[in-house]
Amino acid sequence: MWEAIKDANRAVEPEESAEVRIAVLLTVLVAVVALLTEGVAGPVSTLGALFGIPFGFYLSHRMRRADALGLKAVLALTLVAAVGAFMVRATAAVSEGFGAVQLALAELFLWVQIIHSLHVPARRDLMFSVASSGVMFAIASALSIRLTIAPFLIAWLLGLVASLVLAHRSALRRLPALATDPPPIGAGAAPTALRSFAALLVVATLVFVALPAARSSRALSFPSSLSANLPIPDAGSLNNPSLGEGGPTGGPASAGGFAGRDSFGYFGFAEELDTSLRGRPDETLIMRVRAPAPAFWRGQTFDTWDGRTWTQSANEPVSIGGSEPIGIPRTAGDDAAFGEEFIQTFYMEQTGPNIVFGAYRASEVYFPDRFLFQLPEGALRSGVQMEAGTVYTVISHRPVVTARDLAANDPLRVGIPPEVAAHYLQVPDSTPPRVLDLAAEVTADATTTYDKVKAVEAWMGANTTYTLDIPPLPDGADSVDHYLFETRQGFCEQIGTSLVVMLRSLGIPARLVVGFTPGERNPFTGLYEVRGSDAHSWAEVYFPGIGWQGFDPTAAVPLSGEFDPGLAGEGLGRYFGERLDRALGVAPAVGFVVFAVAVAGTLIVLGAQLYQRRRRRATASWSDLALEQIDHIGRAAGAARSPTATLREYVHQLVDAAGADERLWDVAAVISADRLGPFPVSEAERRAAQEILDEIEHSSTSRRKAPLLVR
């Protein structure tokens with residue numbers, strides 16, 4: 001029995017090619033490094049992967065013909081131990097959240113690759129390594145939120161193609177010998193690999209463009225982490241360090257703005273919003289959001305307006321939480337108990353306010369700290385600083401609504417709850433009458449609340465201009481009146497405020513919200529990239545049975561019931577076009593240099609290929625060139641030679657199947673005699689054979705791949 005096991009163990013022929021092993025090793029290492037850059041492994045796993053895998057491939061090559069039954073037994077026990085360690089870690093990680101379990105699983109795949117690399121004697125074992133490297137790279141891609149993984153992807157694809165091409169050529173060497181000398185295993189592999197790589201890129205691009213966009217699922221992990229667990233001095237208070245001395249926890253504001261604030265800091269994330277302040281955040285990347293659709297990333301709301309400044313009538317926070325996920329209670333106006341599950345994960349790139357952003361209506365939050373603070377109007381704050389690197393996930397249940405649904409649930413017809421009317425219908429007595437008259441005039445023909453909202457939006461779009469360059473608000477002036485009648489120019493604070501005030505004057509509950517617009521969707525990562533310039537304020541309107549619905553004349557986000565998720569590659573052209581415009585606009589010389597380098601590189605490659613071809617033809621024998629000519633004749637006839645076909649078999653195929661000139665048999669005899677005979681053939685025989693080849697080739701070429709010169 002033992003001998004039978006040993007015989008079965010020797011049944012697989014070992015892979016002798018060092019080139020194949022090196023290509024597979026490089027492919028595996030690229031996937032390993034891509035996975036390690038996502039922080040999935042500790043020091044032991046990292047060292048084991050970076051040094052253990054190359055050593056394992058070396059050891060496998062040296063022991064490729066050994067029985068290694070003892071090594072296999074040890075590796076099997078080691079694999080069982082790795083799985084056991086994963087189960088222990090995963091059980092402990094459940095209390096830390098699903099994200100920790102995902103990282104444990106990724107590290108298990110890493111150890112499987114390390115263990116497997118110690119015994120890869122045969123080609124099938126090497127191909128398993130390639131396949132498992134694909135799994136590791138898929139995990140790394142799922143964890144990655146940046147395009148820094150793109151170079152790893154290109155390198156991995158190149159390694160994948162090279163491994164498959166070299167493995168195929170190695171397999172051909174085991175076939176029966178051909179009439180011609182077989183080329184070295186690496187001969188011609190580079191052009192074949194590059195062509196295959198190009199074809200793979202084309203196919204992958206087409207698949208990427210055609211696939212529907214991915215949607216988040218509760219089956220996925222909910223990562224959460226804090227880079228620095230620094231508590232806010234006053235628990236539950238608003239902290240916005242990006243505003244410098246003028247922030248909620250800093251000193252007084254400077255004239256016209258905040259002293260020392262970061263260029264990306266938004267003055268709306270504070271205890272009050274003064275519409276007389278000017279200045280907008282820059283293009284600094286604030287956060288990335290993984291979400292199945294665009295949405296307003298809400299921060300906080302304001303309900304009290306004095307003609308110039310927004311404040312909150314009730315701002316005493318209440319502690320919520322204690323377990324994960326943290327359940328979020330409903331507040332005034334949150335009528336819909338259920339809705340479409342909408343999962344968003346926020347990856348903070350800058351230190352910012354301790355506001356927990358999320359789409360309406362947040363119902364659960366996976367946060368690295370077990371407690372949050374909720375304001376009476378629903379805004380969420382953390383009790384610790386939101387440093388760069390913070391990750392949290394918000395589960396929202398937003399009502400799936402269409403324009404028809406909003407029109408049917410009219411607050412003016414159905415009724416307004418007292419707790420909503422008490423906070424969201426206030427209009428200052430100092431509001432100029434012409435503001436109230438304009439609201440009534442614009443909506444005179446609108447029959448529903450939804451129609452009135454759209455009528456006011458349409459009037460603003462036709463009669464006012466969005467601009468960041470507006471004059472200062474005069475002392476004592478009403479911000480809405482100044483915007484609607486004096487300048488008719490403003491940005492989101494003036495526009496959103498005017499919409500809220502005009503709707504309130506009509507008896508429609510509304511409030512001002514500050515947060516971020518969706519940002520630009522990166523078609524490669526699928527994440528929305530939110531920048532400082534995306535900081536925004538807009539109006540929310542109450543609809544009975546639905547809750548609060550956002551409206552904004554300046555930033556269109558489709559209603560949840562009307563959104564089409566589209567395709568994964570949607571926006572690809574726009575994404576590249578915008579970056580090309582920026583590159584050419586900032587430094588057109590850089591674009592010219594890149595273009596010139598690309599052209600020069602192409603010419604160098606083509607020149608090198610031409611030189612190599614001419615050099616090879618200059619040193620090749622007549623029989624080598626004649627064989628190439630026969631191959632060319634066959635390809636012109638649509639009958640390319642199989643790598644396993646001998647010269648005799650190929651000529652038989654051309655003459656009998658393709659109807660080629662029977663004189664090819666005479667040419668084949670001369671070639672075989674010249675290559676394999678004891679003495680070279682005479683020059684006259686070569687010349688005669690060459691004349692036949694030239695005649696046949698000329699005839700086949702002139703007919704554009706029609707059947708070859710018939711008998």
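This is a predicted model: local features need pLDDT of at least 70, side-chain atom pairs count only at pLDDT 80 or more; totals for chains, interfaces and linings use all residues.
In all, 23 residues line the second largest cavity, and R298, A362, G378, A379 and L380 are the ones that lie nearest its centre. Across the whole structure, the search returned 5 cavities of 30 Å³ or more.

Attention now turns to nonpolar packing. The largest nonpolar core comprises 67 residues, and within it the most contacts belong to M287, W297, F357, F367, Y392 and F516. Helix α15, spanning residues 492–505, is the element that gives the most to this core, supplying 6 residues. A separate core, lying apart from the largest one, contains 33 residues, including L25, V30, A31 and V120.

The charged end of R511 is placed over the ring of W548, at 4.0 Å from its centre, and R398 lies over the face of F342, at 4.1 Å from the ring centre.

The backbone holds several points that a careful reader may wish to inspect. In general, most peptide bonds are trans, and a negative phi is found in most residues other than glycine. Against this background, the bond joining E324 and P325 is a cis peptide bond, with omega at about 0°. P325 belongs to the loop between β6 (318–321) and β7 (326–327). A cis peptide bond also runs from Y360 to R361, where omega is near -5°. R361 is placed in the loop between β8 (340–348) and β9 (362–366). As for phi, R488 takes a positive value, near 50°, although R488 is a residue other than glycine. R488 sits in the loop between α14 and β14 (489–490), and R488 counts as partly exposed because its relative accessibility is 30%, which falls between the limits for buried and exposed.

Helix α14 (residues 479–487) is also where H482 is found. H482 is classed as buried because its relative accessible area of 14% is under 20%. The C-alpha atoms of H482 and V435 are 9.9 Å apart in space, while 47 residues separate H482 and V435 in sequence.

G265 lies in the loop between α8 (189–210) and β1 (273–274). With a relative accessible area of 1%, G265 is buried. Between the C-alpha atoms of G265 and S242 the separation is 4.9 Å, for residues that are 23 residues apart along the chain. L647, in turn, is found in helix α19, which runs over residues 647–657. L647 counts as buried, at 4% relative accessibility. From C-alpha to C-alpha, L647 and A668 are 7.1 Å apart in space and 21 residues apart in sequence.

Finally, T78 is found in helix α4, which covers residues 69–93. T78 is partly exposed, with a relative accessible area of 34%. T78 and I115 are 37 residues apart in sequence, and their C-alpha atoms are 7.5 Å apart in space.

Methods. Residues are numbered from 1 along each chain as its sequence is written. Side-chain values use heavy atoms; hydrogens and water are left out. A charge sits over a ring if NZ of Lys or CZ of Arg is within 6 Å of the ring centre and within 35 degrees of the ring normal. A nonpolar core is a set of buried Ala, Val, Leu, Ile, Met, Phe, Trp, Tyr and Cys residues joined through side-chain atoms within 4.5 Å. Buried means under 20% relative accessible area, exposed over 50%, partly exposed in between (1.4 Å probe, protein chains only). Helices (H or I, at least four residues) and strands (E, at least two) are DSSP runs, numbered from the N terminus. On a 1 Å grid over the protein atoms alone, a cavity is a set of points where a 1.4 Å probe fits but cannot get out, and a pocket is an open set with protein on both sides within 12 Å along at least five of seven lines; lining residues have an atom within 4 Å of a point. Grid points are joined across faces, edges and corners, and a volume is the space filled by probe spheres set on the points.
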